[in-house]
Amino acid sequence: MAVQRTFSIIKPDATERNLTGAINAVIEKAGLRIIGQRRIQMTRAQAERFYAVHSARPFFGELVDFMISGPVVVQVLEAEDAITKYREVMGATNPADAAEGTIRKLFAKSIGENSVHGSDSAENAALEIAQFFSEADLTS
Ligand code: ATP
Ligand code: MG
């Protein structure tokens, strides 16, 4: 597996509790390199576009409201097999099901307020990175 990039978001429940550094420490300890990072307030339009794949789900409105409820940190992570590796480091969507030592086990509040996002495929990683970063923002 070649060096790969994935897209990460540190969500509002985590920025609100000042957990950016603690989460980044878990990310870096796992061998993922943070090659781009920016703290932003997402607009409703940005959040709706980002989670468009979930627009028919019953929790979509709640999810968008949550994602714009406070600042988020958008990030690009790089490593061998970064997409799978970061999904492992994040843990299961529901923190009740997340393995020991994962970000969601350590920090998530609930299935909705679950502290981090990570891309689920190479195709989505490329689309998500392009929504928030230009190539000039990223330095390995
Ligand atoms: P993410 O895409 O944020 O990395 P994920 O891939 O683990 O998370 P998805 O199924 O893609 O999970 O769901 C996207 C997000 O929608 C979840 O991270 C969570 O914040 C929210 N979500 C998912 N299921 C529920 C639910 N049943 N109730 C409330 N919110 C939910
Ligand atoms: Mg997902």
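1. The model is predicted: local features need pLDDT of at least 70, side-chain atom pairs count only at pLDDT 80 or more, and totals for chains, interfaces and linings use all residues. Residues are numbered from 1 along each chain as written, chains are lettered from A and ligands numbered from 1 in written order, and side-chain values use heavy atoms, without hydrogens and water.

2. Start with ligand 1. It is surrounded by 15 residues (a heavy atom within 4 Å). The closest are Tyr51, Thr93, Gly112, Asn114 and His117.

3. Look at the polar contacts (N or O atoms paired within 3.5 Å). The side chain of Tyr51 has an N or O atom 2.8 Å from an oxygen atom of ligand 1. For Asn114, the side-chain distance to a ligand 1 oxygen is 2.8 Å. For His117, a polar side-chain atom is 2.9 Å from an oxygen atom of ligand 1. On its own, ligand 1 has 580 Å² of accessible area, and the protein covers 82% of that (Shrake-Rupley method, 1.4 Å probe).

4. Which elements give two or more residues to the shell around ligand 1? They are helix H4 (60-67), helix H5 (82-90) and strand E4 (116-118). Helices are DSSP runs of at least four residues, strands of at least two.

5. Now the aromatic rings. The structure holds five aromatic pairs (ring centres within 6.5 Å). One of them, Phe7 with Phe132, is stacked (planes under 30 degrees apart). Its centres are 5.4 Å apart, with 10° between the planes. Phe7 is in strand E1 (residues 3-10) and Phe132 in helix H7 (residues 122-132). The pair links distant parts of the chain, 125 residues apart.

Notes
Polar contact = N/O pair within 3.5 Å; in protein donor to acceptor, adjacent residues only side chain to side chain. Phe/Tyr/Trp six-rings, centres within 6.5 Å; stacked < 30°, edge-to-face > 60°.
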